[in-house]
Amino acid sequence: MGEPHLHKRRRNLPHWTLEGCCYFITFRVAQGELTLPERMLVLDHIRDGDEQFYSLAATVVMPDHAHLLLRPRPSLTLSRILKGIKGVSARMVNRARGKRGSLWQDESWDRIVRDVAEFEEKYQYIANNPVSAGLVKHLDDYPAVYLASL
């Protein structure tokens with residue numbers, strides 16, 4: 001068994017994958033914003049996949065986007081994981097709205113986290129996102145965030 005192979009592909013954005021890596025991921029709402037109950041639906045769905053499909057270090061669901069810091073399980077691809085997260089959460093939110101159609105933009109932004117310093121920076125970025133965006137004064141006041149103990 002050799003070294004893992006770096007796979008590169010491109011749609012509108014570049015997507016690099018390497019088995020065993022941790023990723024920082026962002027995906028956006030196609031239009032409008034998520035209500036707090038909708039954000040909680042998305043957060044709960046992301047958390048439900050932890051350990052089964054990926055190891056989740058942190059996630060935050062904002063009104064118009066979500067950030068994740070995760071490592072896929074060895075048998076799963078990042079694209080498969082994101083399809084599951086975005087597809088199921090879109091159905092859940094649409095059901096709650098009594099609507100149909102796309103919720104998320106088709107493409108997500110992803111980056112291989114290269115070292116411990118970058119991991120810590122992305123973790124803190126996720127943790128600070130609701131405060132930086134002016135949604136709350138203190139992170140403890142924002143419910144749509146999950147931070148694993150490091």
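**Close-up views of a predicted model**

**View 1. Leu56 stands opposite Leu70 in E5.** This is a predicted model, in which local features need pLDDT of at least 70 and side-chain atom pairs count only at pLDDT 80 or more, while totals for chains, interfaces and linings use all residues. Residues are numbered from 1 along each chain as its sequence is written, and side-chain values use heavy atoms, with hydrogens and water left out. E4 and E5 run antiparallel and are joined by seven bridges. Strands (E, at least two residues) and helices (H or I, at least four) are DSSP runs, numbered from the N terminus.

**View 2. Five strands form an open sheet in the order E6-E3-E5-E4-E7.** The pairing is antiparallel; two strands pair if DSSP finds at least two bridges between them. Strand E6 (109-112) and E7 are the edge strands, each pairing on one side only. From one strand to the next, the twist averages 20°. H2 lies across E3, E4, E5 and E6 and runs at about 40° to E3. H3 lies across E3, E4, E5, E6 and E7, at about 150° to E5. Axes are lines fitted to C-alpha atoms, for helices over the stretch in contact, and angles run from 0 to 180 degrees between N-to-C directions.

**View 3. The largest nonpolar core has 41 residues.** Such a core is a set of buried Ala, Val, Leu, Ile, Met, Phe, Trp, Tyr and Cys residues joined through side-chain atoms within 4.5 Å. Buried means under 20% relative accessible area, exposed over 50%, and partly exposed in between (1.4 Å probe, protein chains only). Ile25, Phe27, Leu34, Ile46, Val61, Leu69 and Trp104 touch the most other members. Elements that each supply at least two core residues include strand E3 (23-28), helix H1 (36-48), helix H2 (78-97) and helix H3 (116-132). Beyond its neighbours within four places in sequence, Leu34 is in contact (heavy atoms within 4.5 Å) with residues including Val42, Val61, Val93, Leu103 and Trp104.

View 4. A disulfide is a pair of cysteine sulfur atoms within 2.5 Å. The sulfur of Cys21 is 8.4 Å from that of Cys22, the closest cysteine sulfur, which is too far for a bond. Cys21 is buried, with a relative accessible area of 14%, and Cys22 is buried at 8%.

**View 5. Glu51 is found in the loop between H1 and E4.** Its phi is near 80°, a positive value in a residue other than glycine. Glu51 counts as exposed, at 52% relative accessibility.
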